[in-house]
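Have the sequence and the 3D view ready as you read.

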Amino acid sequence: MTERPPLLLIEDTPSLQMVYDSILRSAGHQVHCEGTAEAGLRAFRAHRPQVVLLDLMLPDRDGQADQCEIGWHPEPDTAVIVITANGSINKAVSAMRAGAHEFLVKPFGEDRFLNAVSNALASFGQQDGLAGPAAPTAEGLSDLIGASAPMQAVYSKIRSVARSMATVFITGESGTGKELCAQAVHDLSARASGPFIALNCGAIPAELLESEVFGHLKGSFTGAIADKKGAAAAADGGTLFLDEICELDLNLQTKLLRFLQTSTIQPVGATKPRKVNVRIVCATNRDPLDAVRRGRFREDLYYRLHVVPIHMPPLRERGDDVLTISETALRRYAKEEGRQFTDLSPEVKALFLSFGWPGNVRQLLNVLRNVVVLNDGHVVTRTMLPPGFDTVAEARIQPARIAEPHKDAVTLEALVGRTLAEIERMVIEETIAKVGGSVPKAARMLDVAPSTLYRKMESWSEGKPAAE
């Protein structure tokens, strides 16, 4: 049996050092213990451990300075797990951004402790067969497609964070591929063989959300006719993806925070909690800090989740990726539907490149699916595009018309007698004009997603009511 590599524990409290050392040795690990930063650095240079468990509050030096020295070592094959008290989570988050593998907040359970060490060691097992750092391409990254500079940055970040246990916080407009990003993080992690469970927090009624996340026991409430395993339990040993996290009810946010701190869940109706081993990846199409400022999202939960942010760029900022995605999807849909399409006409390519794509990749795929289902041929022409698409595209190229303000939109008298739909349009157009025609800025002022405004603008150009 291969001998496990030694671990280095740097903890200044003797009682805690003894407890941690005992837990690690009972699990079969070799451990070197030190109580100061200076002694810890000497031990690190002498033993070259693969995993360092580092208390951030040391008597002779800030533990984070230790981490920086370790990180700049000529052979940086070391995973640093930082340990911090509850009041120093901001320091732990800074440590993660500086390259730490994981952080633990005191007090933590034995399972949580050993899981963090096991995942850190597993990451080295995965790296043994690699020839060098992976190039920032989409290869092996789920169904992500594109080679633009913004996506290269996304690929690079996914590969960097995947093997850690750090919580990933994905932001981006609706339809940009946030779930694909989360899936890619899971697929490249040491948990790839475990389950990937996705839960849309905005699509489930608040009264049912606790049951969906943590599960329930039969008879715990009206309609609970059988035991239900929640998403957290279903993701045990794998990854739990919480989409639209900013839509989570405030009461449930408190329970989620406790879950993150203790790695325990308590189904509705249960009397005892149970341990689970889950990595959290979350996403939102809102500005999470703005949700914190408005009191809709707990600040402590935000800092707990927002460790490694990844932003998915909108399609309109990805250049020729529009054509790469189109051609790939066109061939796939043609094969599925038994059609002969292989390419887009030059006119359609130009149109796709100039269009704003308010619904992002999801909208592009829907347009192509529509074309393939209702038409046939080798090349997609402009006449095959869905009805109204040409008009919307022309309006997108000339946004100045929409930015023209209503002179009487701000007066109450001007609103009386109008329908709610008319009032909504007046307010939206006035807001867009006020911010110089910027839809994202207007969306922030109106507290909605930019894609919502784009959809409404499209519906106005088509002369039909906007879908919410």
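This is a predicted model: local features need pLDDT of at least 70, side-chain atom pairs count only at pLDDT 80 or more; totals for chains, interfaces and linings use all residues.

A pair of aromatic rings is described by the distance of the centres and the angle of the planes.

Now turn to F355 and W357. Here the centres lie 4.6 Å apart and the planes stand at 80°. Planes over 60 degrees apart count as edge-to-face, so the pair of F355 and W357 is edge-to-face.

Are these residues buried or exposed? Both F352 and W357 are buried. W357 has a relative accessible area of 0%. F355 is buried as well, at 3%. Buried means under 20%.

## F169 and its surroundings

Ring pairs also join F169, Y302 and Y303 into a cluster. F169 belongs to strand β6, which covers residues 168–171. F169 is buried, and its relative accessible area is 0%.

Which residues does F169 touch, leaving aside neighbours within four places in sequence? Its contacts include I245, C282, T284 and P288. Among them are also L305, H306, V308, P309 and I310. V307 is 138 residues away from F169 in sequence. In space, their C-alpha atoms are 6.9 Å apart.

## A charge over a ring

Find R369 and Y333. The charged end of R369 sits over the ring of Y333. The distance to the ring centre is 4.0 Å.

Terms used. Residues are numbered from 1 along each chain as its sequence is written. Side-chain values use heavy atoms; hydrogens and water are left out. Buried means under 20% relative accessible area, exposed over 50%, partly exposed in between (1.4 Å probe, protein chains only). Rings of Phe, Tyr and Trp (its six-membered ring) pair if their centres lie within 6.5 Å; planes under 30 degrees apart count as stacked, over 60 as edge-to-face and the rest as tilted. A charge sits over a ring if NZ of Lys or CZ of Arg is within 6 Å of the ring centre and within 35 degrees of the ring normal. Helices (H or I, at least four residues) and strands (E, at least two) are DSSP runs, numbered from the N terminus. Contact means heavy atoms within 4.5 Å.
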